[in-house]
Amino acid sequence: MISTVTPQTYERDTQAIAQKLIAAMQGGGSWLTQLRDRAQLEDKLLTWTMSNPGLRVQLFRLIDVLPTLSSKAEIARHLQEYLAVPGVELPSTLKQLLNFAAPDSLPGQVAATTFTAAVSALAHRYIAGESLPQVLKTIEKLNRNGMAFTVDMLGEAVITEKEAHGYLQQYLDLMTQLAQNVPTGTAGAKVQVSVKLTAFYSQFDPLDGPGSQAQVSDRLRTLLRHAQTLGVAVHFDMEQYTYKTITLEILKALLMEPEFRDRTDIGITLQAYLRDSYQDLHGTIEWAKLRGAPLTVRLVKGAYWDQETIQAIQKGWPQPVYSHKAATDANFERMTQLLLENHGVLHAAIGSHNVRSQAKAIAMANALQIPSGRFEMQVLYGMADKLAKALHDQGHRVRVYCPYGKLIPGMSYLIRRLLENTANSSFLKQSSAEGAAMEALLAPPEVPAQELVLPRSHFHAADPDYAQENLRHQAHQALASVKSQLGRQYWPFINGEATLTASSEPSVNPSEPATAIGQVGQATLEMAEQAMAAAKTAFPMWAKTPVRERADLLRRVADLMAQRRQELAAWMVLEVGKVQREADGEVSEAIDFCRYYADEMERLDAGYDRDLAGETNAYRYHPRGVAVVISPWNFPLAIPTGMVVAALVTGNCTILKPAAPSAVIAAKLAEILMDAGVPAGVFQYLPGSGSQLGPYLTKHPDVHIIAFTGSQSVGCRIYADAAILQPGQKHLKRVIAEMGGKNGIIVDQSADLDQAVAGVVKSAFGYGGQKCSACSRAIVLDAVYDTFVQRLIEATQSLNVGIAENPGTAIGPVISAEARDHILGYIAQGNAEATLALAEPVPESGYFVSPTIFTDVPSNGVLAQEEIFGPVLAVIRAKSFEEALAIANNTQYALTGGLYSRTPSHIERAKAEFEVGNLYINRNTTGAIVDRQPFGGFKLSGVGSKAGGRDYLLQFLEPKVITENVQRQGFAPIEGIDL
């Protein structure tokens, strides 16, 4: 039915209904002052956070860590560390609470007890129960008050298949218990549970649509069959935006199956803060018409606004959510009308704590004469009790969303509720503010003429967002296209021309070694001399080329890479066994190097002047000469790109000697450089034997710069060779060498273990542990060691190991048979000095090594000291944070390190004492981004400035100072002086 009621009529009725609701909510005193007038500490905490942004941030962070603190002394210490800090204005009650000298003192214990009790009370306000008996008691009370309910089990992160299976079983048990113990409510609503799709499969990923759909759908069938047997309704929640499209696809396909097509006791959720949610609702309506049986749509505004916004900024993606709350409110009303106008195919569940939003829905439902069974209102448990009662008392069905579970898994839910309650744009906060005007709160949302534009980097390339179906299709098509080009011949490129060679070597797919990616011509020493002569000849011209032209060349290279993004990623998937997302990130990094170094060289080209009366002083930079770049196979595009374009933009001629396993990808880089317009002789591509070409090039007297990334043994040999003055050499060579690490991640007792386990797994086993930044040591404090290890093992077991091109693969092959055998040798050594906690079966074909975990590893053993460069993780126990830091620092390397902690003093100490070039706190240790996280280490991890940093290009330049006496016979212009 399409309404003929005018918008003016809707608005008039909305205002009238809203006023009635507010009047009903005021009983027993002004509802606007109740929150302020309560005496309990938990209510005061909310009131304080509404008026003090600094306290709000620190208090919520403290609440987040609180459940992991095991003693009153620890709680007291964290109270002071979080709240007694500059920038946080404390109310007198909290100041008194924190006024103790020592955490283990009696006043400290009193403070810990008081605060814990307050947070516990606050949590129980929003959580319907920590156990089934408690939640049944809550439901009984709701039923007595005429309220329907839906139960959601708390637990935010499913990172293991054991947890996914457990989640399903818990819901099967929950439905059984609810069906046995809860009678049909007075509102006539069935028992209902709410579930999240991502919790049914630990590897849920939109990039692997078919794989995710197969796993999740199989488990959902079990759930829905059990629910039907018991007469329980099932509602599917919506989560982060990245899962939205695949969630809808899975549910639509499943609910069209004959077994489930006629079910009407199923619901899905749509979030109005998403910019494309109105189109999603249109699509759902058309699908529901085809299905032929109605289901419920829960319309909410959305609970992940901060997370979605931050991710969009960091990733460089379009913001999926509206920037302004008013835009969300307006879209909610628009979607409400569309949903209600189609009540024949979709039943509406309007979820909001905004009185206007609910009143507008009621006004529309009244005008459309919607039967009561097709329309209900929903609120979250503990957040809008008075609104729920007022709605029920006026004859509407009200369903209360009841989360239940333990405090630790429920903490992230609690934080979201607190954020919602205390956000400046929250209806609940605005309505509780001093002097709040109901007329303004109930007015139609005023949408700004232009949505807020979020700040973005001017050069950072964005990885593909595989929530977008067209990008998934492009990746699939690029892989097919590249496969059609396999086996072609690639020649060295010298002085602007391809140079045929007498011999070639195949580059093979490590996932399927029988497949040749390409045949690579092997340059000889004579060709290396030709390349050196061509570079030396081209240098004077290239050095005089204006910096702007050299910088624009890099920008053209970046543009060409962006155009060929999916193709370049596909070459990496096939030639070096990177999974799609790892390859995507590398293309982005290569593009970023080009754009960043172009900007940086233009900045450096300005130099600086220090003039004074009668004298000018100019500080300028000049190129050095010929640069030899020796690049690795593990970052086959980004690292050679970064080193090559740094040399080129600074005016140096460059010879690229790539690692043999990635020579085809290096050839693609050479193609792009030529297409961008690099002059003949300025850049040369020289694949060939590393044992012959490498030493010849690095020892050559005409070489000025050597940029190397690879093993410590080779890097040290290059460093030594470069120090020897060769006959005819009139300069000292500059060596830039990145040589690996033995990177550790510390996990302390305050860490978020969901985050820590996922971060260590990603850092240790991403690209099969073949990154110089990979975590090879997890140093875990004794208090959480056993729990961490158990979940670490289960999470690693859940990873899919297989060929890299499979979108569901998390761990592909290692690079070669030699690498595989080398790693297996270390694993054999590990069995003699530690406990093998995990080794999984792997495919027999291809160069595969199981993700391997050793526990009880001695901190001075082989596993803890030597770089393995494979998927092998040593887990080391530490008794204290001090010992953990000492273990972390006790290696010859200093590249990357990580810390998972929510203890401010531990974080500050790690910043000061953790001996690494790149320290990552509460995130994985891989994936440095140009300019944000310039990359490089010290000790035996390398020599030189950080790649992607502001001083990197200086290594390719010679500074020069020019001083001129501008006096003539005692006369010189004196500017700026009034004579």
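The model is predicted, so local features need pLDDT of at least 70 and side-chain atom pairs count only at pLDDT 80 or more, while totals for chains, interfaces and linings use all residues. Residues are numbered from 1 along each chain as its sequence is written, and side-chain values use heavy atoms, with hydrogens and water left out.

Seven strands form an open sheet with mixed pairing, in the order 23-24-25-22-21-27-28. Strand 23 (835-838) and strand 28 (918-921) are at the edges with a single partner strand each, so one side of each has no neighbour in the sheet. Strands here are DSSP runs of E, at least two residues, and helices are runs of H or I, at least four, numbered from the N terminus. Two strands pair if DSSP finds at least two bridges between them. Strand 27 (residues 896-900) runs parallel to strand 28, joined by four bridges. One of these pairs Leu 899 with Ile 921 of strand 28.

Next, the helices. Helix 33 (residues 881-889) lies across strands 21, 22, 25 and 27, at about 165° to strand 22. Helix 34 (residues 904-913) lies across strands 27 and 28, at about 170° to strand 28. Contact means heavy atoms within 4.5 Å. Axes are lines fitted to C-alpha atoms, for helices over the stretch in contact, and angles run from 0 to 180 degrees between N-to-C directions.

Last, the cysteines. The whole structure has zero disulfides, a disulfide being two cysteine sulfur atoms within 2.5 Å. For Cys 716, the closest cysteine sulfur, in Cys 772, is 15 Å away, too far for a bond.
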